[in-house]
Protein chains: 2
Amino acid sequence: MKFSPALETLIESLRCLPGVGPKSAQRMALHLLERNRSGASVLANALRDAVDRIGHCQRCRNLTELALCEICSDTRRDQRTLCVVETPGDVLAVEQAGGYRGCYFVLMGHLSPIDGIGPEDIGLDRLQEQVETQGITEVILATNPTAEGEATAYYLTEMLGSRGIRMSRIAHGVPLGGELEYVDGSTLMHAFTGRTPVVRS
Amino acid sequence: MKFSPALETLIESLRCLPGVGPKSAQRMALHLLERNRSGASVLANALRDAVDRIGHCQRCRNLTELALCEICSDTRRDQRTLCVVETPGDVLAVEQAGGYRGCYFVLMGHLSPIDGIGPEDIGLDRLQEQVETQGITEVILATNPTAEGEATAYYLTEMLGSRGIRMSRIAHGVPLGGELEYVDGSTLMHAFTGRTPVVRS
Ligand SMILES: [Zn+2]
Ligand SMILES: [Zn+2]
């Protein structure tokens, strides 16, 4: 005995959401059908729309429905300074902290040889090309202070360090082992202010 | 600064799911777009399909895409015994416990005067009509052992108690204050076996 086929399909589909197990998927499905069908319709449309329209910015790789995201196309921002982060959530966290007026490069991940994620999977070939061709003068490495984030920052230092651009790693202040997007704005700005130059070994 | 409009819409829409706050909605949206777009498409279709097709069984009010649900249309089941439960999840819990071969009536809630939920909102007029016209001989009251569930069972006892049908309340064994659908199968069957007759006051 199960629920009806369409309801079982809905419950199963809800499990694609992170952190949603069988019991909470069931609770969500019943809640939507019994109490919030209009919400379920709105969610269906939003998912469809997001999947169809949201891609990656041609320049910084952030998620956007535009060819060039709002930050990359904002001429008031310093196009020659790039802050390298792991995720779109990190961009939002830095923006919400305020004060940074350069642009970004969003890796959409970090180097992880054990998972088969190499430099091209996180766009480092495109980053290198941008640095070579677009007059970048400063790169701020704001990957997470985790083992993979540090390894990625180290790799970037090696990759870009000989090109005469200023490179820095955001300061400690972001708790070690923590994730950038969950850090409060003042801690994050402190980390930006206290960033230290990195030198190629 | 926010995410792009389509992404903001998706994050906002995900908050219609119970237990999903702003941070987890953001995490879900980014996860779907970065790592599971096919899952997001499947979920969009499942939601659309569920909203368009799933209604209530004409007889027992359970959620189904059929006019008459699989249980109500199963001629091997005892159509003259009704188990009254609060939610579709409760039907599933009783079915999974095994052993019950009658039919159901699903209130899709419970009496709650403080929330303006009266007898007709939980289908009691239709239940009364069924009992009068369809030869029901036994009604098992399996509402939750909460204040509202007990009040609903009491109301049903008053409403149906003078018609010469057997009425019973499932036994203690379901933990007081607990919810039926989270009880293990053997406890639930024990509660069925030990059900006690209820007498109209
Ligand atoms: Zn961009
Ligand atoms: Zn039915």
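Which side chain makes a polar contact with the side chain of Glu138(A)? I'll answer that now and then go through the rest of the model, which is a predicted one.

The partner is Arg166(A), and the separation between the two side chains in that polar contact is 3.4 Å. Glu138(A) sits in strand β5 of chain A, which covers residues 138–141. Is Glu138(A) buried or exposed? The cut-off for buried is under 20% relative accessible area. Glu138(A) has 9% relative accessibility, so it counts as buried. Leaving aside residues up to four places away in sequence, Glu138(A) touches Arg80(A), Thr81(A), Leu82(A), Arg166(A), Ser168(A) and Arg195(A).

Now the chain as a whole. Chain A has 7 helices and 7 strands. In sequence order the pattern is α-α-α-β-β-β-α-β-α-β-α-β-α-β. The C-alpha trace of chain A spans about 65 × 35 × 35 Å along its principal axes. Chain A has 201 residues, and 54% of them count as buried. If you take the contacts in chain A with a separation of 6 or more, 57% are between residues 24 or more positions apart.

One helix to look at is α4 of chain A, residues 88–97. Of its 10 residues, 9 are buried, so the helix is largely enclosed by the rest of the structure. The buried ones are Pro88(A), Gly89(A), Asp90(A), Val91(A), Leu92(A), Ala93(A), Val94(A), Glu95(A) and Ala97(A). Just past the end of α4(A) comes Gly98(A), with a positive phi of about 80°.

Next, the metal sites. For residues 57–72 of chain A, an unreviewed UniProt entry lists "zinc finger region: C4-type". In the model, that stretch of chain A is 0% helix and 12% strand, and its end C-alpha atoms are 8 Å apart.

Which residues coordinate the zinc ion (ligand 1)? The donors are the SG atoms of Cys57(A), Cys60(A), Cys69(A) and Cys72(A), at 2.3 Å. Their spacing in sequence is C-x2-C-x8-C-x2-C. The angles subtended by the 4 donor atoms run from 107 to 118°, and therefore the arrangement is tetrahedral. Among these cysteines, Cys69(A) counts as buried at 5% relative accessibility, and Cys72(A) is buried with a relative accessible area of 5%.

On to chain B. Here the zinc ion (ligand 2) is held by the SG atoms of Cys57(B), Cys60(B), Cys69(B) and Cys72(B), at 2.2 to 2.3 Å. The site of ligand 2 is tetrahedral, with angles of 105 to 119° among the 4 donor atoms. The donor spacing along the chain is C-x2-C-x8-C-x2-C. Cys57(B) is in the loop between β1 (55–56) and β2 (63–64) of chain B, while Cys72(B) is in the loop between β2 and β3 (78–85), so this pair ties together parts that are 15 residues apart in sequence. Cys57(B) and Cys72(B) are both buried.

Last, how the two chains are related. Chain A superposes on chain B by a rotation of 180° with 0.0 Å of shift along the axis, at an RMSD of 0.0 Å. That is the relation of a two-fold axis. In chain A the C-alpha nearest the axis belongs to Ala44(A), 2.2 Å away from it. Both copies use the same surface, since 100% of the contact residues of chain A recur in chain B.

Note on methods
Residues are numbered from 1 along each chain as its sequence is written. Chains are lettered from A and ligands numbered from 1 in the order in which they are written. This is a predicted model: local features need pLDDT of at least 70, side-chain atom pairs count only at pLDDT 80 or more; totals for chains, interfaces and linings use all residues. Side-chain values use heavy atoms; hydrogens and water are left out. Copies are superposed by least squares on the C-alpha atoms of residues with pLDDT of at least 70 in both. Contact means heavy atoms within 4.5 Å. UniProt positions are given in the numbering used here, feature names are shortened, and annotations may be inferred rather than shown by experiment. Helices (H or I, at least four residues) and strands (E, at least two) are DSSP runs, numbered from the N terminus. Donors are N, O and S atoms within 2.8 Å of the metal (3.2 Å for Na, K and Ca); water is not among the atoms, so sites may look incomplete. Four donors count as tetrahedral if all angles lie between 85 and 135 degrees; four count as square planar and six as octahedral if opposite donors are over 155 degrees apart and all others between 65 and 115; anything else is irregular. Buried means under 20% relative accessible area, exposed over 50%, partly exposed in between (1.4 Å probe, protein chains only). A polar contact is a pair of N or O atoms within 3.5 Å; within protein, one must be able to donate a hydrogen and the other to accept it, and residues adjacent in sequence count only if both atoms are side-chain atoms.
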